[in-house]
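Me: Please take a close look at one part of this model for me. Then set that part in its wider context.
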Amino acid sequence: MSPRPFGALAGAGLAALLALGACSDREHGRAFGDPDRGRIVVGRQACGSCHVIPGLDEADGLAGPPLTHFAHRTVVAGVLANTPQELARWLKSPQAVVPGNAMPDMALSDQEARDVAAFLQTLR
Amino acid sequence: MPGPLKWLGGWVLGGLTALVVGTAVALWVIFSGAFDATASTPHLAPVAWATHTAMIHSIRARAAGVKAPSRFTEAQVVAGFAEYDLRCAACHGGPGVPRATWAAAITPTPPYLLDAARRWSPGELYFIVNNGVKMTAMPAWGEVERPDQVWDLVAFLEALPGLSAGNYARLRASAAPPRPFLEGAAPPAAAHGATPAS
């Protein structure tokens with residue numbers, strides 16, 4: 001990764017940290033996307049068939065990593081900082097971020113990706 | 001009335017009351033439109049739990065008698081892939097392969113099957129594919145495929161946990177087209193293994 005994107009990433013991460021300090025995670029997530037709508041998208045997209053997702057019935061898949069304590073993750077997919085923006089980027093086009101990985105591009109809209117990111121930030 | 005019989009009378013009266021009230025509530029749910037049959041809203045949590053749990057136990061119990069082969073050949077896996085990619089991937093996706101966009105609009109939504117072989121035994125997978133699942137969109141593929149074609153699918157599902165997205169794509173590029181449905185291939189009676197009527 002070239003230095004400039006890294007700087008932007010670090011800046012975004014810092015901004016997210018400051019924002020996290022300023023308000024609760026749930027409020028922060030809501031400003032970015034709607035966690036309740038995100039939860040519905042997660043159900044409809046069958047995320048639980050590959051991921052353990054706390055609080056979702058039948059979300060017990062073990063093909064991908066469990067999403068427990070997701071808000072505390074530092075790295076998404078091994079390459080992105082766990083900020084709502086970067087997370088939404090990953091959710092929208094996982095194949096562009098890590099080509100050839102098992103998670104498919106699910107054709108989420110920008111808003112759906114933000115909503116799912118906001119939902120994942122509620123998993124403490 | 002003697003003591004014990006008085007007790008019994010109370011229980012009978014209570015049971016009848018529960019039966020009448022329960023029946024009335026059930027009929028009300030059925031006829032009033034209170035049950036939301038739309039696919040655009042998710043099941044209520046208790047309904048989702050009850051139907052899903054009943055489905056799991058039904059399959060486990062009913063598939064117990066299915067005798068699965070002890071191993072599958074590579075040819076079966078490749079043939080199963082061709083079937084899967086044509087008939088299953090739209091709803092169930094694959095490694096790195098999204099479902100069709102409309103699959104998310106099905107309730108209950110069809111799962112990805114990357115770890116299906118860790119959830120179900122080969123016999124159970126055969127039973128599910130062969131018989132389908134009521135009140136989901138899962139068809140009974142045994143109605144249109146021969147048993148050996150269903151076993152090919154099971155062979156593929158057994159291989160799926162170890163199949164990378166890259167290898168799925170390579171299979172897609174190289175695989176032969178799937179064998180046709182029964183109706184195009186052979187007389188259905190013969191294909192089902194039954195003896196001809198005449």
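Reply: In helix 4 of chain A, the buried residues are A:Pro84, A:Glu86, A:Leu87, A:Ala88, A:Trp90, A:Leu91 and A:Lys92. Buried means that 20 or more other C-beta atoms, placed from the backbone, lie within 10 Å of the residue's own; 12 or fewer is exposed, and in between is partly exposed. This helix spans residues 84-92 and is mostly covered, with seven of its nine residues buried. Helices are DSSP runs (H or I, at least four residues), as strands are (E, at least two), numbered from the N terminus.

This is a predicted model: local features need pLDDT of at least 70, side-chain atom pairs count only at pLDDT 80 or more, and totals for chains, interfaces and linings use all residues. Residues are numbered from 1 along each chain as its sequence is written, and chains are lettered from A and ligands numbered from 1 in the order in which they are written.

How confident is the predictor in chain A? Its mean pLDDT (confidence in each residue, from 0 to 100) is 84, and 76% of its residues reach 70 or more. Over residues 17-23 of chain A, pLDDT stays under 50. The model has four contacts there beyond four places in sequence. A contact needs C-beta atoms, placed from the backbone, within 7 Å. Where pLDDT is low, predicted coordinates should not be read in detail.

Now the partner. Chain B has 10 helices and zero strands. Of its 198 residues, 25% count as buried. The contact between the chains takes 19 residues from chain A and 21 residues from chain B.

Conventions. Contact = placed C-beta atoms within 7 Å.
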